[in-house]
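Hi everyone, thanks for coming. Please take a look at the sequence and the model on the screen, and then we'll walk through some of the aromatic rings together.

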Amino acid sequence: VQLQASGGGSVQAGGSLRLSCAASGSIFNIDVMGWYRQAPGKQRELVAAISSEGETHYGDSVKDRFIIGRDNAENTVWLQMNSLKPEDAVVYYCTVNVRLVRGGLRYTYWGQGTLVTVSS
């Protein structure tokens, strides 16, 4: 399973960016898809997650600013980031929890990380 993230870049404070992540490979189904982020010297933290039924969960620091969505047919997850702040400027990682075969174990995969820069 490979995850290809895109959409990172630079934006001014208060601006918006949209991250996307596409999963490919031999996948039976994808349960949870999500985004984490990590600042230098800090632990990776949950940004947002979405279940296959569309149930969402957000980290406290991004609630009411970020929106997560997914396209089950395309095995993609996106993250709309609004009202960006300088403290949002870190590396973002997409992640998926998948079954490779019917009734098989679930595995978690991570994307390569995409950098978001926010200038004040």
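**Rings and strands**

Let's begin with W110, which is partly exposed at a relative accessible area of 38%; that label covers anything between buried, under 20%, and exposed, over 50%, using a 1.4 Å probe and protein chains only. A quick word on the source: this is a predicted model, where local features need pLDDT of at least 70, side-chain atom pairs count only at pLDDT 80 or more, and totals for chains, interfaces and linings use all residues. Residues are numbered from 1 along each chain as its sequence is written, and side-chain values use heavy atoms, leaving out hydrogens and water.

How many aromatic pairs does a search of the whole structure find? The search finds 1. Rings of Phe, Tyr and Trp (its six-membered ring) pair if their centres lie within 6.5 Å; planes under 30 degrees apart are stacked, over 60 edge-to-face, and the rest tilted. Here the centres of Y36 and W110 are 5.2 Å apart with planes at 65 degrees, so we call the pair edge-to-face. Y36 belongs to strand 4 (residues 29–38) and W110 to strand 10 (residues 106–110), 74 residues apart. Strands are DSSP runs of E with at least two residues, numbered from the N terminus. Y36 is partly exposed too, at 25%.

W110 has another neighbour: R44 lies over its face, 4.7 Å from the ring centre. For Arg, that takes CZ within 6 Å of the ring centre and within 35 degrees of the ring normal; for Lys, the atom is NZ. Likewise, the charged end of R18 sits over W78, 4.1 Å from the ring centre.

Note on methods: Helices (H or I, at least four residues) and strands (E, at least two) are DSSP runs, numbered from the N terminus.
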